[in-house]
Every structure is written in structure tokens, then in C-alpha cells.
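Below is a short report on one protein chain.

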Amino acid sequence: MKKIVVLAIVLIMSLSLAGCSENKINIDGVKTNTIFIKEDGTIQFATFETFEKDYYKEDDAKEYIKEHVNKFNSAEGENSAVVDSFSVELDTAKLVITFSDMEKFSKFMMEYSDVKEVEYFGGTIEEALKKEYALSDTFLEASNGKQVEKSAILKDLKQKIVIIYDNADIVLESKIKYYTEGALLLDKHTIQPSNNGCMIIYK
């Protein structure tokens, strides 16, 4: 995500543009692109990119961050995207941004990511169906790995669902109940999606 790297280059100089966020999930040990889904609906995204110090100019990057972050927040509302932290270690830049909700995160990624074959949805199962998302025919139960039919899932339309077509790891503050086959359940809060993305149900 080259354009997101540009954000990272000048993050330290421009924290005042985005403000500060609170109640962060602990991400100190994260080493790969990760999407954190919090119970309050906010999304925290950690992204890693090669930091090409000889390629980027700080002044140009500063203008980029001013123009695009301010433009995004002006269009979507104040603090729709909030820069949390930036660090560089061994020529790798780590950028963490908090978004006010999944919709804002999706819009930001679609606009600024070089990868366009991505999709993000967060809400209830009922809301997903209204938006005509096709749920998987089967899910795996997180507690025991047993297969569960879609018909059983649909008995409670108020359950929350995340539908993500991206290869970033996914961490939920809530406990995972069901997830689609092909994804790898790392623990009760963490999923590593397959190449086809994944659907995660929680409550």
C-alpha cells in the first residue's frame, strides 16, 4: 500500500492533523498488517511497509498528508481517521490509524490503497442480508471446530458479522463465535483469513 506508506513518512510531523485516539488494543507484538475490530465499532488498522528513505522527500509527503487526510476527514466527518502511532525499525515502517467505524475504514482503503480487490463490512447479520451479502453455506464453530449450517446461523439475525476480503490478520475485541472455512483461527479473538477473505460472527 504505497500511498499509505506516504502517510507514515510524515506521521510524526503531522499528528496534530488527526488528533489522538483512546482505548487502543495492545498491538505492540503485531508484525503483519492487522485489522482490529473493537466492541465500540471503531477499527484500528496497523500496516507495515518498506521505508525507502532515499526515495521519499519529507516535504512532499507532508503536503500529501495535509491534503489527503484533511480531505478525507472533511468529507467524512471530523476524526473519521485518527493517526495513532508511527515507528520505523530496520527499514520497515509501522503505521497505526483508528477509524470511527467500518464504513469509514472501507472508504479510506478503497481510496488510498493500491489494492482495489478488497471489501469490508461490519454490522448485524440482518444488515448484511439487507445489503445483499451472500453468507457462506457453512461456518466453523470457534469453540470446537464443528461445522455449522447457515440455517442455524440465521436463527439469530442480531448477531454481529464481519465480512472482509483482505489478507490482513483480523483481531476482535469480542470473542469469535463462528468463522468461514479456509480461515485459520489463531485464538478466540484472532483470525488469519484465506486468500478469499472470511466471514466472522460474534456477539
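## An aromatic pair

Phe121 and Tyr133 are both buried, meaning under 20% relative accessible area, with exposed being over 50% and partly exposed in between (1.4 Å probe, protein chains only). This is a predicted model: local features need pLDDT of at least 70, side-chain atom pairs count only at pLDDT 80 or more, and totals for chains, interfaces and linings use all residues. Residues are numbered from 1 along each chain as its sequence is written, and side-chain values use heavy atoms, with hydrogens and water left out.

Six aromatic pairs turn up in a search of the whole structure. Rings of Phe, Tyr and Trp (its six-membered ring) pair if their centres lie within 6.5 Å; planes under 30 degrees apart count as stacked, over 60 as edge-to-face and the rest as tilted. Phe121 and Tyr133 make another tilted pair, at 5.0 Å centre to centre and 40° between the planes. Phe121 sits in strand β5 (residues 119-124) and Tyr133 in the loop between α5 (125-130) and β6 (138-141), so this pair ties together parts that are twelve residues apart in sequence. Ring pairs also link Phe45, Phe72, Phe99, Phe105, Phe108 and Tyr120 into a cluster.

## Overall fold

The protein has six helices and 13 strands. Helices (H or I, at least four residues) and strands (E, at least two) are DSSP runs, numbered from the N terminus. Of the 203 residues, 49% are buried.

Contacts here are heavy atoms within 4.5 Å. Among contacts between residues at least 6 apart in sequence, 64% join residues at least 24 apart. The accessible surface comes to about 10900 Å², and 46% of it belongs to carbon and sulfur atoms. Accessible areas come from the Shrake-Rupley method with a 1.4 Å probe; for residues, only the protein chains shown count as cover.

## Strand β2 and its partners

Strand β2 (residues 43-50) is mostly covered, with seven of its eight residues buried. Strands β1 (residues 34-37) and β2 pair in the antiparallel sense over four bridges. Two strands pair if DSSP finds at least two bridges between them. Phe36 stands opposite Gln44 in β2. β1 and β2 form a hairpin with five residues between them. In the turn, Gly41 has a positive phi of about 95°.

β2 also pairs with strand β4 (residues 92-99), in the antiparallel sense over eight bridges. Ala46 stands opposite Val96 in β4.

In helix α4 (residues 102-112), the buried residues are Met102, Lys104, Phe105, Ser106, Phe108, Met109 and Tyr112. Asp101 caps the N-terminal end of α4: a side-chain oxygen lies 3.1 Å from the backbone nitrogen of Glu103.

There are six salt bridges in the whole structure. A salt bridge is a side-chain nitrogen of Lys or Arg within 4 Å of a carboxyl oxygen of Asp or Glu. One joins Glu76 and Lys107 (3.2 Å, N to O). Glu76 lies in helix α3 and Lys107 in helix α4, so the pair ties together parts that are 31 residues apart in sequence. Glu76 is partly exposed at 24% relative accessible area, and Lys107 is partly exposed at 35%. Glu103 and Lys107 also meet in a salt bridge (3.5 Å, N to O). Both lie in α4, four residues apart, about one turn of the helix. Glu103 is partly exposed, at 46% relative accessibility.

Lys203 forms a salt bridge with Asp156, the closest N and O atoms being 3.0 Å apart. This pair links distant parts of the chain: Lys203 in the segment after β13 (198-202), and Asp156 in the loop between α6 (150-153) and β8 (160-165), 47 residues apart. Lys203 is exposed at 63% relative accessibility; Asp156 is partly exposed at 23% relative accessible area. Elsewhere, salt bridges that share partners join Glu76, Glu103 and Lys107 into one network.

## Positive phi in loops

Asn79 has a phi near 65°, a positive value in a residue other than glycine. Asn79 is in the loop between α3 (58-76) and β3 (81-89). Its relative accessible area is 38%, partly exposed.

Glu132 has a positive phi of about 65° although it is not a glycine. Glu132 is in the loop between α5 and β6. At 72% relative accessibility, Glu132 is exposed.

Technical notes:
Polar contact = N/O pair within 3.5 Å; in protein donor to acceptor, adjacent residues only side chain to side chain.
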